[in-house]
Amino acid sequence: MSQDSEAGTLGEDRKAAALGSGADTVDAMQAAADGDQYLTFTLGEEEYGVDILRVQEIKGWQRVTPIPNTPHYVKGVINLRGTIVPVIDLRERFGMSAQEYSKFTVVVMVRVLSTGGRERIMGLVVDALSEVYTFQSEQIRPAPEFGAALRTNFIRGLATVDDSKMVIILDVDELLSDEDLAIADDQSRIAEVVRAAGPGGQDHE
Amino acid sequence: MSVDLSQFLQTFFEESFEGLDTMESGLLELDPAQPDAETLNNVFRAAHSIKGGAGTFGLSAVSDFTHRMETLLDRLRDGKQAVTPDAVNVLLSAVDCLRGMLAAIQNDQALDADAISTAQRQLDEQLGQVPAGDAVPAPPQGAGGGHTAGPEGTPPRGSGPGGGGGGWWIRFEPQPHLFATGNDPRRLFQALQDLGELEVEADPSGLPPFEQLDPETCQLAWTLRLHADVDEAAVREVFEWVEDDARLEIRPLGAAGTEPAPVAEAGSAVASADEPPAPGGGAAPAAGDGRKPAARRGNAGGGGNSSSIRVDTEKIDALIDMVGELVITQSMLSQIGKEFTAERLEELQDGLAQLERNTRELQENVMRIRMVPISFAYSRLPRIVHDTSRALGKVVEFQMEGEQTELDKTVMEKIIDPLVHLVRNSVDHGIEAPEERAAAGKPETGTITIEAYHKGGNIIIEIADDGRGINRDKLLAKARSAGLVEDGSELPDEQIYDLIFHPGLSTHDQATEYSGRGVGMDVVKRNVRSLSGNISVRSSHGQGTTITISLPLTLSILDGQLFRVGDQTYIVPLVSVIESLQVDAGKVSRVTGRGEVYHWREGYVPIVRLHELFDTEPVRRELGGGLMVIVEDEETYLGVFVDDLLDQQQVVIKSLEANYLQVPGIAGATILGDGTVALILDIAGLIEMSRGGRRQPYIPEREDSDEAA
């Protein structure tokens, strides 16, 4: 049991440690006073953020048990201390090229609220953890419209760091809705959205 | 006096509902010709404790109502009034009414005043009395003194409340054991003093001679005069905790503060049988007031609906013993581990074997905690038979067997409704009217038997009646006209009787209030299936019908056959496995060049290649010489082609839906010894998939409607 709860070395020890120990309460309170904290991670050249209060824990990649007839980005399920938890590959979810998993691959366990107020735990496979940023709500700009046909509802907004770097803030509830978990979306369109929204990333595909 | 009672309220409700069940079953057992004193006593006791509890929580509407029932029951018990079927029916509907009241209070809903007053009027009619309030001579009191708390007819109200202006005269005669219950009269008097000026006069007349004096008993009585402008309820509240252990009289003081004229001395003033104690707030209880306490409960933030289970202390003791053994085994093993040498290998093996045994026992016993006797599910049935048969003018004897058969609490809760439906069906459709039975040469009294027993890992419930049976030809004709069965085709009896589970099919010509609309049996079947159970019908025309339900004992542990396809381990429930065999290539044939079937036991079973169904990479594609597991669901067979057969073992079923979705063909998952996850197959789902059914996960409805069923 202890094996899988400790699960592998983390790509970026420093940040993981800061997270794992629940960050300093003083820091957290400070942050709460002037904005929300977001954990960011990278997929290729792009940086994505999720509300840190939704992050339950961070694990290394471990072998999954595939579920038949599910979208390809649903990699399978793992045993998280006795409960069965699905793992979703975000690269594949966004239609980026798949990546080999290594012991440095990180799985971010997030809490997802779905229809009927049900809370579920799911794992997101990402390339690497990046930072913890604090954003005021006005710092998060709405994502531009890409036309009616494109789904952008899982992007809560875009935030800018140091006047140069863009962080795409994800709405995990929309990203991992029942429909998305059951039926493979037209990924190329999602990929388009992501590509159009991000500064780099042309080289993925 | 400010104990927070709300924490006990949930327990009160649970106990009261249990008490109501006891009353109901007792009343149904009651034979008007020869009323059994013990049964009456049981019913009476149940009513009495509900009344007491309701009083404690200030649910005056409930305790008033129960008091009436108790009074009637007491008369029946003492033989002052004959036990008539009418009286029993009135009491039964009073039980229903009371159940409704309690449920309403529990859920913070308004009480159904009409239903209550109807039931009350019926009770009063039975008591043969004019509405309460007018004085009725109280029957003489039982011998045991005040504390027996027997009902004393109608409490002489009207003489007391309202006259509180001048203060109160209180006679307080505690039982000798008062101190043992942790009550101190001094504190009571102090509490009274807080209300106003108090005169206390001790009455030592009960004291024994000095040499017989026992300082641990209370032999004193007191007469108190409270000069305060408070209502009676406030005074009663002070004595709330001692009224069961004392004789208490409270009367308004005369205008000049003099002794009140003694009224109705015949024990009528005994508090516990008299008016209910007032609610904590001290407000006078208004008639029909049930909302106030309910609202208070709401404030307390009561997480009302948390489900709980009553566990036999024996079961817990057994667990503690087992954990003790486990600890011993563990310390023995760690001892061996510390100083391990090759010579101690045998010792280590013994220790591990012991550990395995301990673990298994512990597991079995933990599961047993969730097991409850099926009598809980039975408890509603006699009433259903009673009411339905009365309404339909039928005479039915209902027999229940195997009440102590245990099954999982969740399974039991879900099987209650199907059972109610089936039993009602038996009364309505199965049993004939007395004349018809007599004409057919059968006894006029029909018999319905429900029996439960364990068989293998299942619990079997059989509902049998000796009624008219199912008219096979009529059913078949109906099915034909509904287009369910092709004209001219013949079906085996089994399949014909199975048609009654088809939605919209009923052999009853006229729908009654109770059944016959053809809805229901399909729901019953669906419920049973959702518990991974089976239901089947046997019937012979004119002789009766037997419905057999087979259910797993528990939903969380399963005996499984493990097998491997590609690099994944899968599990099939052992109950579904008919046979595992090596494929003989000569017995494989193709239908229309695609569908593969296997010649097996004088028939053909379709072959399913799991790797194709699940789209995975197998180790072996060649059928001949490979392994196949023949599985069955509802008499439909399927040959599942696998790479390798592994062990049989017990697995704990984990939900896939909890964090993901329901996936066709997958019943759940489990965690294997090495910590990895293995999927448990759902045979019914596989069969459907193999016929080209749905493969993608089910997306739950957007609206979270629980009423879908």
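Tutor: Strand β12 (residues 557-565) of chain B pairs with strand β13 (residues 568-573) of chain B in the antiparallel sense, over six bridges. Helices (H or I, at least four residues) and strands (E, at least two) are DSSP runs, numbered from the N terminus, and two strands pair if DSSP finds at least two bridges between them. The model is predicted, so to speak of a local feature requires pLDDT of at least 70 and side-chain atom pairs count only at pLDDT 80 or more, while totals for chains, interfaces and linings use all residues. Residues are numbered from 1 along each chain as its sequence is written, with chains lettered from A and ligands numbered from 1 in the order in which they are written.

Within this pairing, B:Q561 has B:V572 of β13(B) as its bridge partner. β12(B) and β13(B) make a hairpin with two residues between them, and B:G566 in the turn has a positive phi of about 60°. β12(B) also pairs with strand β20 (residues 644-652) of chain B, in the antiparallel sense and over seven bridges. There, B:G560 stands opposite B:Q649 in β20(B).

B:V572, the partner of B:Q561, is among the residues that B:L681 touches. Leaving out residues up to four places away in sequence, B:L681 touches B:Y570, B:I571, B:V572, B:G665, B:I666, B:A667 and B:L686; contact here puts the C-beta atoms, placed from the backbone, within 7 Å. B:L681 is also one of the residues with the most contacts inside the largest nonpolar core, along with A:V77, A:L170 and B:V640. That core has 80 residues, a nonpolar core being a set of buried Ala, Val, Leu, Ile, Met, Phe, Trp, Tyr and Cys residues joined through C-beta atoms within 7 Å. Buried means that 20 or more other C-beta atoms lie within 10 Å of the residue's own, exposed means 12 or fewer, and partly exposed lies in between, with C-beta atoms placed from the backbone. Strand β6 (residues 106-114) of chain A gives the most to this core, five residues.

The contact between the chains takes 28 residues from chain A and 26 residues from chain B. On the side of chain A that touches chain B, at least two residues come from each of α1 (2-6), β4 (74-80), β5 (83-89), β7 (118-126) and α6 (178-182) of chain A. The residues of that side are 14 nonpolar, nine polar and five charged, where Ala, Val, Leu, Ile, Met, Phe, Trp, Tyr, Cys and Pro count as nonpolar, Asp, Glu, Lys and Arg as charged, and the others, Gly among them, as polar.

Back in chain B, a separate open sheet of five strands has the order β6-β8-β9-β11-β10, with mixed pairing. Its edge strands are β6 (396-401) and β10 (534-540), each pairing on one side only. The twist averages 15° from one strand to the next, with axes fitted as lines to C-alpha atoms, for helices over the stretch in contact, and angles running from 0 to 180 degrees between N-to-C directions. β10(B) pairs with strand β11 (residues 544-552) of chain B in the antiparallel sense, over seven bridges, and the bridge partner of B:R538 in β11(B) is B:T546. Helix α12 (residues 381-392) of chain B lies across β6 and β8 (446-455) of chain B and runs at about 170° to β6(B).

Helix α15 (residues 472-481) of chain B has B:L475, B:K478 and B:A479 as its buried residues. Seen down the axis of α15(B), they fall within an arc of 100°, so they line one face of the helix; the arc is that of the directions from the helix axis to the C-beta atoms. These buried residues pack against α16 (493-498) of chain B, while B:D473, B:K474 and B:S481 are exposed on the other side of α15(B). B:G483, with a positive phi near 80°, follows α15(B).

For chain B as a whole, there are 19 helices and 22 strands, and buried residues make up 34% of the 709 residues. Of its contacts between residues at least 6 apart in sequence, 70% join residues at least 24 apart.

Key. Contact = placed C-beta atoms within 7 Å.
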